[in-house]
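Work through the exercises below with the structure open beside the text. Each task is followed by a solution in steps.

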Amino acid sequence: MTQIRGLGYLKVQTRHIDRWREFALDGLGFAEGGGPDPDGLYLRMDERRSRLQVLPGDSDRVLAVGWEVRDQFALAAVREAVEKSGTAVTALKPKEAAERDAEEVIAFTDPGGTPVEVFFGAVLDHSPVRTGFAQKFVTGPMGMGHVVLPTPNFAETVTFYNEVLGFLPRGAMKVGGGAVRIRFMGVNQRHHSLAICPAPHDGDPGLVHLMVEVDTLDAVGIALDTVKEKGFSISSTLGRHTNDKMVSFYVRAPGGWDIEYGCEGLLVDETYYTAEEITKDSYWGHDWSGSEPLAAFTPPGK
């Protein structure tokens with residue numbers, strides 16, 4: 001049984017902080033929060049002071065994928081499991097944890113090279129969440145959303161999340177002529193909080209996409225119209241996925257990876273769930289023909 005309760009936060013670095021402000025605040029309707037870096041962009045979705053943290057830098061890359069656990073005892077259990085696997089774990093200093101709006105945080109790197117943080121005791125902001133389209137983000141017990149991570153060390157990475165961190169298999173889909181599968185994994189009622197995708201190389205940006213869910217189809221449609229009007233590249237048209245039933249579109253974030261923005265995601269009842277292999281990404285829509293190449297699958301230097 002996993003100690004992980006959900007995706008707590010995502011921290012990324014970008015060379016395009018001003019474009020990110022327009023993208024996230026005006027284009028997708030995130031609420032603006034606050035944080036320690038005066039030049040950073042801290043994005044609220046709920047009572048957490050920020051869920052998505054975008055910091056300026058000289059490259060576009062993932063700085064941390066933050067997974068939440070219940071309390072200090074769960075955090076200690078995760079640390080023990082990770083250390084027993086032979087992976088080095090660092091306990092962040094109190095000041096560093098405070099910068100992440102958490103009581104305690106541990107950090108390590110997964111076999112695919114992704115910087116991972118696990119925390120408990122999230123600091124709350126009880127002021128109104130003023131989203132751009134009056135939408136509500138679907139978070140709470142299901143966490144921030146889901147991430148899809150690329151890795152050239154596919155088998156080792158899948159094993160790490162399943163057997164060390166205790167993520168539950170939530171199905172798969174064959175890619176590359178059926179040689180390998182994308183693996184979907186869950187920790188709560190959201191169909192998947194994590195997917196592991198085989199990639200030809202490691203390195204920046206270290207992310208395929210982040211999914212966030214909102215409460216209405218109208219909010220999805222408004223966001224789609226708005227990002228198109230503002231000149232952001234639509235990676236995939238509106239469609240409904242076969243595995244998590246999400247109605248969503250994908251838009252290219254500044255930095256070479258996507259945000260999936262959707263609604264109506266499936267709630268999994270683990271009592272009856274069995275892992276399935278989908279043979280088609282979507283029932284309808286999700287036309288990727290106009291998508292620019294993802295940075296995670298582009299050889300370095302190109």
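**Exercise 1.** In which strand does Glu-117 lie? State also whether Glu-117 is buried or exposed.

*Solution.* The model is predicted, so local features need pLDDT of at least 70 and side-chain atom pairs pLDDT 80 or more, while totals for chains, interfaces and linings use all residues. Residues are numbered from 1 along each chain as its sequence is written, and side-chain values use heavy atoms, without hydrogens and water.

Step 1: Glu-117 lies in strand E8, residues 115-120. Strands (E, at least two residues) and helices (H or I, at least four) are DSSP runs numbered from the N terminus.

Step 2: Glu-117 counts as buried because its relative accessibility is 6%. Buried means under 20% relative accessible area, exposed over 50%, partly exposed in between (1.4 Å probe, protein chains only).

**Exercise 2.** Find the side chain that a polar contact joins to that of Glu-117.

*Solution.* The partner is Arg-100, at 2.8 Å. A polar contact is a pair of N or O atoms within 3.5 Å; within protein, one must be able to donate a hydrogen and the other to accept it, and residues adjacent in sequence count only if both atoms are side-chain atoms.

**Exercise 3.** Describe helix H5 and what covers its buried residues.

*Solution.* Step 1: H5 (residues 217-229) has 13 residues.

Step 2: Its buried residues include Ala-219, Ala-223 and Val-227.

Step 3: The cover includes helix H1 (17-27) and strand E14 (234-241).

Step 4: Just after H5, Gly-231 has a positive phi of about 85°.

Technical notes:
Expected span 1.5 Å × (residues − 1). Contact = heavy atoms within 4.5 Å.
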